[in-house]
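Subject: Structure handover

Hello,

Here is the structure for you to look through. My notes on what turned up follow below.

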Amino acid sequence: MDMAKKRVLSGMQTTGKLHLGNLLGALNNWVSMQDEYECYYFAADWHALSSSYEDTHELKGNLVDMGINWLSAGLDPEKSVLFIQSLIHEHAVLHLLFSMVTPLPWLERVPSYKEKMEQVANRDLHTYGFLGYPVLQAADIVIYKADYVPVGIDQLPHLELTREIVRRFHDIYGKKVFIEPEAKMSRVPKLPGTDGRKMSKSYNNAIYLSDSKEEMIKKIKDIVTDPARIRKTDPGDPDKCVAYAFHKVFSNTEENALTGKECRGALRGCVDCKKMLAENVLIMIEPLLEKRAYWGERKKDVLDILVEGTNRARAVARETLAEAEAAVKIDISSLIVGQNAQTR
Ligand code: SF4
């Protein structure tokens, strides 16, 4: 690792299979940062529990599939530290220390907490785990002394909370242990789900990286189009068409200009339009699908890579936690070293 490089940290919840929205919104961005930054990327399996603690039967499968997708999309274990959150218990201990100093109202005012409590009806979110999610997230970030965290606008309040927790910890214990991480805002293409809402497993509108080509083509065929185009002879408005939003991501500028013109002039049918879209989607993700087939046959190698990354990450996490415990003066092991004390 190049010590002169700034450090980036990001995680992905193992709540479900990855879809095209995750690829474009996060994974490709992760890949693009690997040369410029020292990157730590983790599978956030504890975070997955915060909203899905009752249904854990897919967690391990999702974790392995996530590793396959990471490597297939171009994450390189020689360049980035790829690791599994739940194998590094230091995150949990720092989370506990942060829980002691984090005022409850700070957590209750986090916008995504309030929104989810109001909107999510099919899951019980009245748990400490869900409320304390941003505290664990703060521990995840600062235990690696990350300089930057890639975030979207909606996650900015979480990062601000991390910075506030760090400042409070430093104020209370009078010692500077952590770095206050900064947001790394990136322009990532926005891809809606096939029905126009946010692409999500819960809306049943996602195209998964693990879908077969036939499944992808079928889902693209079903993408919602401008409702005004009932017949081929009806002029359309591409800005009201979800397929066109996909074209903007997967087709080139000339193709998009032509699509817009032919849609407005009723010169092209939606069936043909989505056929062309499907071809462009497949051209773009074909290399990833080929690598998925390769890594899919080598799941043990994928796990070995994640374990190797976890060992590297743990060494860093241990050092930071030791500093934090010393600051809190709860580093009891310092009293008993040499007295046959296996403290961890
Ligand atoms: S022609 Fe293409 S852009 Fe226009 S409504 Fe149909 S699918 Fe959408």
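A molecule is said to sit in a cavity if more than half of its atoms lie within 2 Å of the cavity's grid points. By that test, the ligand in this model sits in the largest cavity. Please keep in mind that the model is predicted.

Overall picture

The chain contains 15 helices and 5 strands. Its C-alpha trace spans about 85 × 45 × 40 Å along the principal axes. The chain has 344 residues, and 46% of them count as buried. Taking contacts between residues at least 6 apart in sequence, 77% join residues at least 24 apart.

The cavity and the ligand

A search of the whole structure for cavities of 30 Å³ or more returns 1. The volume of the largest cavity is about 120 Å³. Its lining is made up of 15 residues, and those nearest the centre are R229, C241, C263, C270 and C273. Three helices, α11 (242-250), α12 (253-264) and α13 (270-296), are the elements that give two or more residues to this lining. By class, the lining of the largest cavity has 7 nonpolar, 4 polar and 4 charged residues.

Which residues surround the ligand? They are T225, D226, R229, C241, A243, C263, C270 and C273. Sorted by class, this shell has 5 nonpolar, 1 polar and 2 charged residues.

A266 is not a glycine, yet its phi is positive, at about 55 degrees. Most residues other than glycine have a negative phi.

Helix α2 and its cover

Helix α2 covers residues 45-52, and its buried residues are D45, H47, A48, S50 and S51. What lies over these buried residues includes the strands β1 (7-13), β2 (38-44) and β3 (80-84), together with the helices α3 (59-73), α7 (128-131) and α8 (133-142).

T15 also meets this part of the chain: leaving out residues up to four places away in sequence, T15 touches A48, S52, N62 and K201. T15 is in the loop between β1 and α1. With a relative accessibility of 35%, T15 counts as partly exposed, because the partly exposed class runs between the 20% limit for buried and the 50% limit for exposed. T15 and L63 are 48 residues apart along the chain, and their C-alpha atoms are separated by 8.7 Å.

N29 is in helix α1 (residues 20-33). Is N29 buried or exposed? N29 counts as buried, because its relative accessibility is 13%. Apart from neighbours within four places in sequence, N29 is in contact with P150, S186 and V188.

V188 lies in the loop between β5 and α10 and, at 30% relative accessibility, counts as partly exposed. Not counting residues up to four places away in sequence, V188 touches L24 and G25 as well as N29. V188 and L24 are 164 residues apart in sequence, with 6.7 Å between their C-alpha atoms.

S200 is also in the loop between β5 (182-185) and α10 (213-221). S200 is buried, since its relative accessible area is 15%. Leaving aside neighbours within four places in sequence, S200 is in contact with H19, N205 and A206. S200 and L258 are 58 residues apart in sequence, and the C-alpha to C-alpha distance between them is 30 Å.

Another positive phi

K329 is in the loop between α14 (299-328) and α15 (333-336). K329 has a positive phi of about 65 degrees, although K329 is not a glycine. K329 counts as exposed because its relative accessible area is 66%, and exposed means over 50%.

Regards

Technical notes. Residues numbered from 1 in each chain as written. Predicted model: local features only at pLDDT ≥ 70, side-chain atom pairs only at ≥ 80, totals over all residues. Heavy atoms only, no water. 1 Å grid on protein atoms, 1.4 Å probe; cavity = no way out; pocket = protein on both sides within 12 Å on 5 of 7 lines; lining within 4 Å. Points joined across faces, edges and corners; volume = space filled by probe spheres on them. Helix = DSSP H or I, 4+ residues; strand = E, 2+ residues; numbered from the N terminus. Nonpolar A, V, L, I, M, F, W, Y, C, P; charged D, E, K, R; others polar. Buried < 20%, exposed > 50% of the residue type's maximum accessible area, 1.4 Å probe, protein only. Contact = heavy atoms within 4.5 Å. Near = heavy atom within 4 Å.
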